[in-house]
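Please look over the sequence and the model below before reading on. The explanation starts with the overall make-up and then turns to details.

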Amino acid sequence: MKQWTWLALAGLLLTLSCGSEEAVQPTPDYADAWVGEYEGTGDFALSNGVSGEDRPVTISIVRVSPKQVTVTAKLVYGEGRNDFIQAINILQPDDPEQITLEVRYLNAKTVYAFTQDGDAITGSIATSSLRLGGTWGQDQIMTEIEVVQQ
């Protein structure tokens, strides 16, 4: 029995001493490439059937860390106090010229699809909720977003 204990201890030490000699490369930092205040226009569609084109859009992208940004997008579609669509999330860009990310919170998800060309961003933002029966229903979408850095 004593031999098994020593063999097990030797095996454990051998296993712990084994490892990769190569370090894991860190992911690149792309947050700074997206930071800025942007204004322009976009189209929208709501789950209640209301839709429109060429409405004012503002997007604010603030650096949270070298790898993450906070994106706040707001599309105003009417004159009323609550006539706007807003999306706020923390994203980790994986490219300096394109963001295609899905963010999930419990029973909601938001999909960001942005392309950056110089000082301009184009793309869309779609927000969906989980419905009874396990299907996703689209709540609001901002499409044809075209904004320029201010």
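The paragraphs that follow go from the whole chain to its strands and then to its salt bridges.

This is a predicted model, in which local features need pLDDT of at least 70 and side-chain atom pairs count only at pLDDT 80 or more, while totals for chains, interfaces and linings use all residues. Residues are numbered from 1 along each chain as its sequence is written, and side-chain values use heavy atoms, with hydrogens and water left out.

The protein has 1 helix and 8 strands; helices (H or I, at least four residues) and strands (E, at least two) are DSSP runs, numbered from the N terminus. Read from the N terminus, their order is α-β-β-β-β-β-β-β-β. Of the 150 residues, 28% are buried, where buried means under 20% relative accessible area, exposed over 50%, and partly exposed in between (1.4 Å probe, protein chains only). The accessible surface is about 9,900 Å², and carbon and sulfur atoms account for 53% of it; such areas come from the Shrake-Rupley method with a 1.4 Å probe, and for residues only the protein chains shown count as cover. Contacts are heavy atoms within 4.5 Å. Among those between residues at least 6 apart in sequence, 41% join residues at least 24 apart.

Strand β8 (residues 136-149) pairs with β1 in the antiparallel sense over 8 bridges; two strands pair if DSSP finds at least two bridges between them. Aspartate 43 stands opposite threonine 143 in β8. Strand β7 (residues 120-130) also runs antiparallel to β8, joined to it by 10 bridges, and here serine 128 faces glutamine 138 in β8. β7 and β8 form a hairpin with 5 residues between them, and glycine 133 in the turn has a positive phi of about 95°.

The whole structure holds 4 salt bridges, each a side-chain nitrogen of Lys or Arg within 4 Å of a carboxyl oxygen of Asp or Glu. One of them joins arginine 63 and aspartate 32, at 3.3 Å from N to O. Arginine 63 lies in strand β2 (residues 51-63) and aspartate 32 in the loop between α1 (2-17) and β1 (36-46), so this pair ties together parts that are 31 residues apart in sequence. Arginine 63 is partly exposed at 41% relative accessibility, whereas aspartate 32 is exposed at 52%.

Another salt bridge links arginine 104 with glutamate 102, with the closest N and O atoms 2.7 Å apart. Glutamate 102 is partly exposed, its relative accessible area being 44%. Arginine 131 and aspartate 139 also form a salt bridge, with 2.9 Å between the closest N and O atoms, and arginine 131 is partly exposed at 33% relative accessibility.
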